[in-house]
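Here is a walk through one protein model and its ligand. Keep the structure open as you read.

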Amino acid sequence: MATLNSGVPQGDLKDKWTQYKDSINLVNPANKRNIDVIVVGTGLAGGSASATLAELGYNVKTFCYQDSPRRAHSIAAQGGINAAKNYQGDGDSTYRLFYDTIKGGDYRSREANVYRLAEVSTNIIDQCVAQGVPFARDYGGLLDNRSFGGVLVSRTFYAKGQTGQQLLLGAYSAMNRQIARGKIEMHNRHEMLDVVIVDGKARGIIARNLITGKIERHSAHAVVVASGGYGNVYFLSTNAMGSNATAAWKIHKKGAFFANPCYTQIHPTCIPRSGEYQSKLTLMSESLRNDGRIWVPKRMEDVKALREGTLKAIEISEENRDYYLERRYPAFGNLVPRDVASRAAKERCDAGYGVNKTGEAVYLDFSSAITRYGKEQVLLQGEDANDHKLIKKMGQEIVKSKYGNLFQMYEKIVDENPYENPMMIYPAVHYTMGGVWVDYNLMTTVPGLYAIGEANFSDHGSNRLGASALMQGLADGYFVLPYTIGDYLSDDIRTGAISTDTPEFKEAEENVKQTLKKLVENKGKHSVDYYHKKLGNIMWDKCGMSRNEPGLNEAISEIKELRADFWENVTVPGGLNELNKELEKAVRVADFLELGELFAKDALTRNESCGGHFREEYATKEGEAKRDDKKFNFVSAWEYKGEPSEAKLHKEKLEFENIEVKVRSYK
Ligand SMILES: Cc1cc2nc3c(=O)[nH]c(=O)nc-3n(C[C@H](O)[C@H](O)[C@H](O)COP(=O)(O)OP(=O)(O)OC[C@H]3O[C@@H](n4cnc5c(N)ncnc54)[C@H](O)[C@@H]3O)c2cc1C
């Protein structure tokens, strides 16, 4: 039985990190030159860690499966990055960012890590500005901020709707400097397929060269996994198509514990699914909720007419619209946390008010913002305040300047002009808060093996506010790991180079080769995507937003069956020693098929609702606990102080329908 020791230092929360840094072991600059570190991943976490470790003097070997580090999934991040700079003077502070992040994670994150995250958040902005990241600025030239859901201050730094891309270019430039100096040995188009453990310590990895298919051994004194999240276990998600769990899963199988695997963030503002053959969902940034108002029709006849195409959203009058977030949560309105917004959308759609053909969409409407901004501009420019056409035009220009690229993206995908018609949105899987368990040093339960960024579990609890993932990735890579890894590596200054010519490397390499061979030689009857889609359906239906005991038990046995069928019947065209995208996918889906089961088991043991997940409990009056979708309902909610709890509303409704329910609510 292993004992988990977080290693959180003693002392006051606000002093822990400072005191800890003062007392941990360091590696002197000359010794750093004798130490190798492998970093798997070049997103914001891995990119920033690689650059900083190399700058410090370590020899870094960095791996990514893309053709360039700057194509890591982090590039997709749109909305922004949080930092407690308090540039707006609206009451922000380190403590407030800490508190909001803890609350946003439903009080399930590790406080010491989150306080440290809030503390270093301000350094991140300084670092990125120094690298030339073009954050948006206000009229006076100062860095601008916007608001994100679940908080009452403006602390989100952004670069239009391309914050991740700009931050990644910053980290990538810092990496390039080190690649040019020979301090980072960059391995693009390489996929880590196993970790190698020697005498209980992580000492290297087995990687496949994705162009030639060659299986390679790489050694180091420590291994850092920064491989991102596993939202694609659901098949459809907002993640990049390539995002996968393989690195995290392989280290789990070699002894690194996993924590909270079932905690997934469901993002409320994604473009709804259009049909069966879709392979990707697209996010509309949360920043849009600053100005967009979310609604569905109040009247069922309007819903029907919308679906039949005989009515347009803009033809529905104000009094017949239900701005349900503003109605239920007056203090936060459309900027409630993501889990609350997602759940409310699902609740309205489950009640039959979804506005598209599939019944899975609500409106995100910018008409009020366009009018508000337009009126302001007309006044500022001394134009006719009654000229509605001009007001609309000027308002649209302001909205375009704020969210132009997002509107353009929406129009390209949906083929509708969102300046004229409200956007349609629906919740989708976005981010995984669970991941590899790490201690205060970001080290896993395997000595010398670290996990940073979205791949670890430490900072987000069960939900996550927007703009905190980028903050965590960069905090881990620029400011936390470079300190904490030294504490471990200080014992390795005399170890010398790690040989790859050992039984441990040989065995790991053989296992990888065997698995790949089996996949290529299987010649079954179904494609890899066939299995991935099936897994995704099980995950979304039974381990998605609403979960219940019978459904989770079903999911566990269905995933087991699917996995057995995969190994029996999957077909992978192409060979081993060549670029083979299907083989890459097959390895990843094989891991998803194992992770999915753990995920469902974790969800099953949590008889609670938290974050984006709602545990359904019910029994009929007669005492039968049987599954009946019509009677299923959410009975738990994050309750806002003094505001009506949806849980209570549901309870009343269900009792009226003669169904007994238990209510849990979380403040
Ligand atoms: C559409 C979208 C928008 C988002 N917007 C925001 C936002 O506005 N603000 C915010 O804070 N967060 C946002 N997020 C979340 C945020 O983007 C991610 O959590 C974050 O970028 C993850 O960074 P990372 O460095 O941990 O991993 P990633 O960026 O996913 O990078 C993973 C890296 O690991 C490599 N890798 C993985 N497995 C292997 C392997 N086996 N072998 C070799 N290399 C491997 C990949 O090649 C890649 O380089 C958004 C997420 C999505 C999906």
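Which polar backbone atom lies 3.3 Å from a nitrogen atom of the ligand? That atom belongs to Gln78.

A polar backbone atom of Gly80 sits 2.8 Å from a ligand nitrogen. At Thr42, a polar backbone atom is 2.8 Å from a ligand oxygen. On its own the ligand would expose 1000 Å², and the protein buries 98% of that.

Now look at the shell.

Next, turn to helix 17, residues 581-605. Its N-terminal end is capped by Asn580. There, a side-chain oxygen of Asn580 lies 3.2 Å from the backbone nitrogen of Glu582. The helix length can be checked. Helix 17 has 25 residues, so at 1.5 Å a residue it should span 36 Å. The C-alpha atoms at its ends are 36 Å apart, which agrees.

How far can the model be trusted? The chain has an average pLDDT of 89, and 92% of residues score at least 70. Residues 618-667 stay under 50. For that stretch the model has 97 contacts beyond four places in sequence. Where pLDDT is low, predicted coordinates should not be read in detail.

Conventions: Residues numbered from 1 in each chain as written. Predicted model: local features only at pLDDT ≥ 70, side-chain atom pairs only at ≥ 80, totals over all residues. Heavy atoms only, no water. Polar contact = N/O pair within 3.5 Å; in protein donor to acceptor, adjacent residues only side chain to side chain. Areas by Shrake-Rupley, 256 points an atom, 1.4 Å probe, with all protein chains shown as cover. pLDDT = per-residue confidence, 0-100. Contact = heavy atoms within 4.5 Å. Helix = DSSP H or I, 4+ residues; strand = E, 2+ residues; numbered from the N terminus. Expected span 1.5 Å × (residues − 1).
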